Amino acid sequence: MEISLMLGNMKFNSGRVCAVLMAGGKGTRLKPYTTYVPKPLMPIGDLPIIEVIIYQLKHYGVKDFYICIGHMAHLIQAFLGDGSRLGVNIEYSFEEQPLGTAGPIGLLKERLLKYDSFISMNGDVLTTLDYSRAISRHMESNAIATVCVNQRSVNIDFGVLEVGADGILMEYKEKPTLKYNVSMGINIFSCDVFDYIKVREFLNIPDLLINIRDSGKSVYAYEESCQWLDIGRIEDYSQACEDFETNRRLFLPHE
């Protein structure tokens with residue numbers, strides 16, 4: 001039975017949206033931890049990060065998952081199985097060679113065409129993002145792609161000068177804080193995206209999005225003020241563990 005949820009002012013049928021989780025990377029920045037454990041299975045509290053992600057998406061009505069695997073694929077398959085233990089459906093797509101962050105999507109074309117849209121995201125993201133709102137905004141935008149973004153501040157510990165072409169000082173800011181919109185590693189695509197992805201071609205998400213934009217089509221940026229950490233670095237992984245233990249209910253609202 002398909003589950004329906006209210007997304008904003010729209011009715012969203014969860015049977016028409018699925019999730020693609022990227023879980024094939026080597027996690028080199030997390031060594032030595034990832035020497036024997038693939039990054040998506042790194043524990044956050046008592047759960048591996050990829051299981052937290054699956055529970056979150058399931059909470060918002062997503063039941064079908066396609067996991068792109070490569071490095072230490074057998075461990076991920078052995079742990080998650082077909083998804084029945086988690087109450088979801090899981091299928092796998094194996095990369096024989098690295099295809100980047102967007103290339104693996106091409107291998108799933110025939111399986112994804114039955115959906116209206118799909119979420120594609122890194123399998124190592126800890127966030128409180130409201131996925132239902134993000135999907136709703138994507139559908140309302142009529143864009144081929146939606147990038148979920150989070151604002152980050154960067155402190156510069158120097159005096160920053162803006163100098164004109166003639167060498168004359170234009171602006172001087174002492175130790176400024178710069179604010180940027182950064183990608184959360186979570187994207188939502190309509191199936192028209194397959195016009196921009198060739199099967200078994202190496203392709204990264206930034207290049208895919210720029211190619212869509214350059215073709216004259218829309219790429220929508222959805223910004224939400226939420227907690228978000230990519231656990232790719234040891235310091236971020238430690239912070240993610242602390243945040244999860246402190247605010248577990250924020251990350252797992254179904255419990």
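In which strand is V163 found? V163 belongs to strand 11, where strands (E, at least two residues) and helices (H or I, at least four) are DSSP runs numbered from the N terminus. The model is predicted, with local features requiring pLDDT of at least 70 and side-chain atom pairs pLDDT 80 or more, while totals for chains, interfaces and linings use all residues. Residues are numbered from 1 along each chain as its sequence is written, and side-chain values use heavy atoms, without hydrogens and water.

V163 counts as partly exposed because its relative accessibility is 48%; buried means under 20%, exposed over 50%, and partly exposed in between (1.4 Å probe, protein chains only).

An open sheet of mixed pairing holds 7 strands in the order 7-6-3-8-13-10-14. Its edge strands, strand 7 (89-94) and strand 14 (219-223), each pair on one side only; pairing requires at least two DSSP bridges between two strands. Within the sheet, strand 3 (residues 17-23) and strand 8 (residues 117-122) pair in the parallel sense over 6 bridges. L21 stands opposite M121 in strand 8.

Two helices lie across strands of this structure, as the table shows. Contact means heavy atoms within 4.5 Å. Axes are lines fitted to C-alpha atoms, for helices over the stretch in contact, and angles run from 0 to 180 degrees between N-to-C directions.

| Helix | Lies across | Angle |
|---|---|---|
| Helix 2 (residues 73-80) | strand 3, strand 6 (64-69), strand 7 | about 170 degrees to strand 7 |
| Helix 5 (residues 131-141) | strand 3, strand 8, strand 10 (145-155), strand 13 (177-190), strand 14 | about 75 degrees to strand 13 |
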